Every structure is written in C-alpha cells, then in structure tokens.
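Reader: Here is a model whose sheets and cores I would like explained. Please tell me on what grounds each term is used.

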Amino acid sequence: MDIKERMHSTMLYNPGDEALMKEQTGYLDRLYDFNMTRPTEFEKREALLKEMFAEIGEGCYIEPPLHANFGGKHVHFGAHIYANFNLTMVDDTHIHVGDYTMIGPNVTIATAGHPINAELRQKGYQYNAPIHIGKNCWLGAGVIVLPGITIGDNVVVGAGSVVTKDLPSNVIAVGNPCKVLREVSEHDRKYYFKGKMVEDTFFEE
C-alpha cells in the first residue's frame, strides 16, 4: 500500500515523505496566492478556489486568510457556503461540507491525528480520518471539529464548541465536549434572537 492510500485509510503513515512534501508545497503556493488577493479581486479568488479544492460549488465565499494543510486539495464544498476569517482545514484527507453551510471566524476542521504512544509521535507518524458536515449547518466562531466526525443537516454548533462525537441532523449542540442541547423547533422558525420575531415577509421570497 503506497503512502497516498495510507493517508486516506486511517492507517499510520509518515507525512515527512519527501515526494509527498514536494507535492504539498505546490498546493500551498496556490493557497498563498489566494490569501494575497485584494478584496476587490472576486473573480481571481473564485478561479483559484476552483483550482485548489477537490470540489467547490457555485456561490461559495471564503474570507482570507484561509489555512489548509494541502491547500484545499482534499476539500469538497457544496454550493453557497460561506466561511469567515481564519478557517483552518487540516485537509490531509477528505473534508465534505454541504450546501448553504455557514462557518464562523477561527473555525478548525481537522482530519489529522497522532498516536498517544510518544515513541510513535517522535518518529513523526500520524493518521487521518475524513470529516462530513451536512447541508444548512452553522458552525459558530471558534468551533473545532475533530478527525472522523460526521455532522448532520441543519445543525447549529455553538461558538467555542469542540466536536468530539457525531451530531445528528436538526439539533443545536454546544460545549466542550460538544453535546446536543436541544432539537431545532417551531420556536426557531418564529424567533431568531432573544425574543426577536422573524417577519413573515422573510418566508415569502
């Protein structure tokens, strides 16, 4: 089994492999170009993201700076995804994010882990586990999503939460470790913030 197969199979491998690092550096050069774009260069940003990511749908907007181990090479974004400043994606293996998901500032989505055994860490070994985030989710500021996690559709993850276990669809989850607080309800359709009512006209579009 070659190193690429090990990267994407949760097996231990050494990311310091010379050929792998050379390839990775090429992806990081394009990420650098993206982060150096001016705020007015929308078309250039869009073109770069299509080159950088494994998949990216229409209407996505990522606010630089963006950080990614492989420059987005293993990232699969649906359509109309918004990511605020300082999104960090440790994309050593695949990250999937569904349509219309919103990602707050300083969010980390990390597929890579390291053995508990110190001797193995000293030798540089790591493993990767893919992450799946559903459609219409909102990850609040500073959320951390750990390797191998699956988050369902329509999930709100509260600011500062650390997601260590899978989350089902249609829930609000908070904390460290992140736990389900409650289901999304009819109340959330009527009120958006501390008793502030949603106007009916917003549902008529």
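Author: What follows takes the sheets and then the cores.

The model is predicted, so local features need pLDDT of at least 70 and side-chain atom pairs count only at pLDDT 80 or more, while totals for chains, interfaces and linings use all residues. Residues are numbered from 1 along each chain as its sequence is written, and side-chain values use heavy atoms, with hydrogens and water left out.

Reader: What makes β6 and β9 paired strands?

Author: Strands are DSSP runs of E with at least two residues, numbered from the N terminus, as are helices (H or I, at least four residues). Two strands pair if DSSP finds at least two bridges between them. β6 (residues 87-90) and β9 (residues 108-110) have 3 bridges, in the parallel sense, and therefore pair.

Reader: Why are β3 and β17 called edge strands?

Author: The open sheet runs β3-β6-β9-β14-β17, with parallel pairing. β3 (66-68) and β17 (162-163) each pair on one side only.

Reader: What makes a nonpolar core?

Author: It is a set of buried (under 20% relative accessible area, 1.4 Å probe, protein chains only) Ala, Val, Leu, Ile, Met, Phe, Trp, Tyr and Cys residues joined through side-chain atoms within 4.5 Å. The largest has 37 residues, and Phe53, Phe77, Met89, Ile109, Leu139 and Ile151 touch the most other members. α3 gives the most to this core, with 3 residues.

Technical notes: Buried means under 20% relative accessible area, exposed over 50%, partly exposed in between (1.4 Å probe, protein chains only).
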